[in-house]
Amino acid sequence: MKILQFSIVALLLSVALASAAVKTEAPPTSVEERRIRSAIEEQYNQLQKEGDQLKVEQMELKTLKQEVDKKLVQMQSLRQELSLLLNRKQAEEGKRVTELSKIYEKMSSVKAADLIKSLKPKLAIELLAAMNKKNAGKILDNLDRKTATKLSAGFTEFSVDQTPSY
């Protein structure tokens with residue numbers, strides 16, 4: 001047992017001495033050895049500088065990423081707000097088209113036809129779509145053939161989900 005302990009202590013001492021020898025470098029013995037050591041030191045110093053530069057760049061990238069993430073959150077918030085405003089605007093325009101269609105329904109079909117032909121086609125189609133079908137038919141009947149055809153064709157392509165463009 002004592003031999004084993006003695007062997008372990010001796011092994012530990014030899015490892016300690018070897019590592020101390022490695023740490024305390026012997027002075028170079030030849031010009032070639034000095035050049036090699038100098039080249040190694042230069043490379044080591046260059047790697048240190050590059051490592052430091054990488055750390056700085058990583059910090060900058062982390063900061064930029066945080067700023068970009070913050071801007072993305074702001075943009076998403078603004079997009080939602082804009083979407084709500086657009087929906088509110090479309091709803092208000094829809095109400096106005098409905099109200100205007102009621103006004104046109106109360107007019108004579110000749111007068112309403114005269115006014116409708118001067119409107120933008122999409123608005124005219126939306127007005128006719130919001131009207132009572134009987135009144136819309138009378139108004140179309142009082143339009144010239146070209147305009148009535150154009151509005152009728154647009155009416156078949158008209159979708160309830162379309163965004164008003166007036």
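These legends describe close-up views of a predicted model.

**View 1. Helix α2 from end to end.** Helix α2 covers residues 31–106. With 76 residues at 1.5 Å a residue, α2 should span 112 Å. Its end C-alpha atoms lie 109 Å apart, which agrees.

**View 2. The buried residues of α2.** Glu-93, Val-97, Ser-101 and Tyr-104 are buried in α2. The buried residues of this helix pack against α3 (109–116), α4 (121–130) and α5 (133–141). Ser-101 counts as buried because its relative accessibility is 1%. Leaving out residues up to four places away in sequence, Ser-101 touches Leu-127, Ala-130 and Met-131.

**View 3. A nonpolar surface patch.** Val-68, Leu-72 and Met-75 make a patch of about 290 Å². Met-75 lies in helix α2. Its relative accessibility is 56%, so Met-75 counts as exposed.

View 4. Glu-32 pairs with Arg-35, the closest N and O atoms being 3.9 Å apart. These two residues are three apart in α2, so about one helical turn separates them. Glu-32 is partly exposed at 46%, whereas Arg-35 is exposed at 55%. Glu-92 bridges to Arg-96, with the closest N and O atoms 3.7 Å apart. Here the spacing is four residues, again about one helical turn. Glu-92 is partly exposed at 34%; Arg-96 is exposed at 55%.

**View 5. The Lys-117 and Asp-114 salt bridge.** The closest N and O atoms of this pair are 3.7 Å apart. Lys-117 is partly exposed, with a relative accessible area of 45%. Asp-114 is also partly exposed, at 46%.

Definitions and conventions. Residues are numbered from 1 along each chain as its sequence is written. This is a predicted model: local features need pLDDT of at least 70, side-chain atom pairs count only at pLDDT 80 or more; totals for chains, interfaces and linings use all residues. Side-chain values use heavy atoms; hydrogens and water are left out. Patches are made of residues with over 30% relative accessible area and no salt bridge: like charges are joined within 9 Å, nonpolar side chains (Val, Leu, Ile, Met, Phe, Trp, Tyr) within 5 Å. Accessible areas come from the Shrake-Rupley method with a 1.4 Å probe; for residues, only the protein chains shown count as cover. A salt bridge is a side-chain nitrogen of Lys or Arg within 4 Å of a carboxyl oxygen of Asp or Glu. Buried means under 20% relative accessible area, exposed over 50%, partly exposed in between (1.4 Å probe, protein chains only). Contact means heavy atoms within 4.5 Å. The expected span of a helix is 1.5 Å times one less than its number of residues.
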